[in-house]
Protein chains: 2
Amino acid sequence: MTASKADETTEDIVEATYCALCECGYAGLTMQDIADRSEASKSSLHYHYDTKHDLLLAFLDHLFESFADRFETDSDADPLDRFGALVDEVLDDSDDEARRDFRTAMLEIKAQAPYDEAFRERLTEFDDHVRECVRSVVADGVESGVFRADADPEATAEFVATVFDGAHTRAISTDSGLAHARRALADYVERDLLADGVDREVEFA
Amino acid sequence: MTASKADETTEDIVEATYCALCECGYAGLTMQDIADRSEASKSSLHYHYDTKHDLLLAFLDHLFESFADRFETDSDADPLDRFGALVDEVLDDSDDEARRDFRTAMLEIKAQAPYDEAFRERLTEFDDHVRECVRSVVADGVESGVFRADADPEATAEFVATVFDGAHTRAISTDSGLAHARRALADYVERDLLADGVDREVEFA
């Protein structure tokens, strides 16, 4: 198989796994559910991945790499714009049923982490990267003067990662949406991060 | 059955359900797992509760009532002390394996909420009560002058409830603990809630 053909296959399987997780959830997911949404047959899926667990790990790796490509920790872009883009991506509240269903499947996977070291490793890696993104945004903002000199990049990163996860969990398990968390983070940035005298509107809409 | 005998039975079943959730998790939990940890037989459990789902709903109701009894929204106690007690309770990081296992089972239940309206109702009720506790603490603190006059009880309550949920989710799904969230909330109270000139140490240890 050529490299690009292999990429196409991977892309197709990742897409099929995403759709299957959205439509079937995590708990009852089968290789057949994924094959049904893929160009690949079930036996071809098994050729690429020994077990459903292996396939899901590859899926999480792909998800993480795609996120890491879009949100690099090293960037010349404006720190406040980068913060906004990250919030927009993670707390996307558009009326998209698939995204909501996917977040639900991800929460099911998170709840498995204590029983599944490989899931836990991937989720920790993802969390590390999100924190590293926030840390670098805050550090760059302090350096450029848009954020207060005493802003703490490490503590801010922990806090923001916690708010991200809490917003998702509450949106899934209660009648709460994601909009309040976006507003709360905008308030937080304005009140606790922006340097005095910086006239920038903070709105994570 | 006398009232106190009925209370004892309920107490025993609640305790057995707690232990079974800690030891077996939510996904594979059976009535037998609960009966094994109870004075009651499996058939007696079925006499009280038609299904495992009914029993779990009664368990969640009991958990909620017990929490609501301990954390009333109406209290004469010092607002900052009440805030601290709430943080201590929700983000208890003591090295207690059972509490950790229980939080994991609760996250599994939260991940079921989109598929289970009765779970979702209970979790929303719980979330409402936590927010109401924070709201009343902040409102009372503003009134007594310990918190800033411009502190927003509603927005603070949403924010704190989000941090609580996020701290639990991250502690379960990654290598993160709960200590950072307690510190972050203490910083938040000191920086954004305490009125100028109020000399109170904020430490949620």
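**Domains and interfaces**

Tutor: Chain A is divided into domain 1, residues 1–62, and domain 2, residues 71–205. Keep in mind that this is a predicted model.

Student: OK, how far apart are the C-alpha centres of domain 1 of chain A and domain 2 of chain A?

Tutor: Those centres lie 28 Å apart. As for contact, twelve residues of domain 1 of chain A touch 13 residues of domain 2 of chain A.

Student: And how much area do domain 1 of chain A and domain 2 of chain A bury between them?

Tutor: About 1200 Å², with 73% of it on carbon and sulfur atoms. On the domain 1 side of chain A, the residues that lose the most area to domain 2 are A:C22, A:Y26 and A:L60, which together make up 46% of what that side buries.

Student: What's the salt bridge count between domain 1 of chain A and domain 2 of chain A?

Tutor: The count is one. A:D61 forms a salt bridge with A:R122, where the closest N and O atoms are 3.0 Å apart.

Student: Which helices of chain A each supply at least two residues of the domain 1 side that touches domain 2?

Tutor: α1 (3–24) and α4 (52–70) of chain A do. The largest share, six residues, comes from α4(A). By class, that side of domain 1 of chain A has nine nonpolar, two polar and one charged residues.

Student: Switching topic, what does UniProt say about chain A?

Tutor: An unreviewed UniProt entry carries the annotation "domain: HTH tetR-type" for residues 7–67 of chain A. In the model, that stretch of chain A is 77% helix and 0% strand, and its end C-alpha atoms are 17 Å apart.

Student: Where does the record put the "DNA-binding region" in chain A?

Tutor: The unreviewed UniProt entry lists residues 30–49 of chain A for it. Over residues 30–49, chain A is 65% helix and 0% strand, with the end C-alpha atoms 13 Å apart.

Student: Now the other chain. How many residues does the contact take from chain A and from chain B?

Tutor: It takes 36 residues from chain A and 36 residues from chain B. The area buried between chain A and chain B is about 3100 Å², and carbon and sulfur atoms give 57% of that. In chain A, the residues losing the most area to chain B are A:F159, A:T162 and A:R170, together 19% of what that side buries.

Student: Why quote an area at all?

Tutor: Because the size of an interface is often given as the accessible area lost when the parts come together.

Student: Which helices of chain A each supply at least two residues of the side that touches chain B?

Tutor: α6 (97–112), α7 (117–144), α8 (153–173) and α9 (179–193) of chain A. α8(A) gives the most, with 13 residues.

Student: And how do the residues on that side of chain A divide by class?

Tutor: The side of chain A that touches chain B has 14 nonpolar, eleven polar and eleven charged residues.

Methods: Residues are numbered from 1 along each chain as its sequence is written. Chains are lettered from A and ligands numbered from 1 in the order in which they are written. This is a predicted model: local features need pLDDT of at least 70, side-chain atom pairs count only at pLDDT 80 or more; totals for chains, interfaces and linings use all residues. Side-chain values use heavy atoms; hydrogens and water are left out. UniProt positions are given in the numbering used here, feature names are shortened, and annotations may be inferred rather than shown by experiment. Helices (H or I, at least four residues) and strands (E, at least two) are DSSP runs, numbered from the N terminus. Contact means heavy atoms within 4.5 Å. Buried area is the accessible area (1.4 Å probe) that two parts lose on being put together, summed over both. Ala, Val, Leu, Ile, Met, Phe, Trp, Tyr, Cys and Pro count as nonpolar, Asp, Glu, Lys and Arg as charged, and the others, Gly among them, as polar. Domain bounds come from an automatic or database domain assignment. A salt bridge is a side-chain nitrogen of Lys or Arg within 4 Å of a carboxyl oxygen of Asp or Glu.
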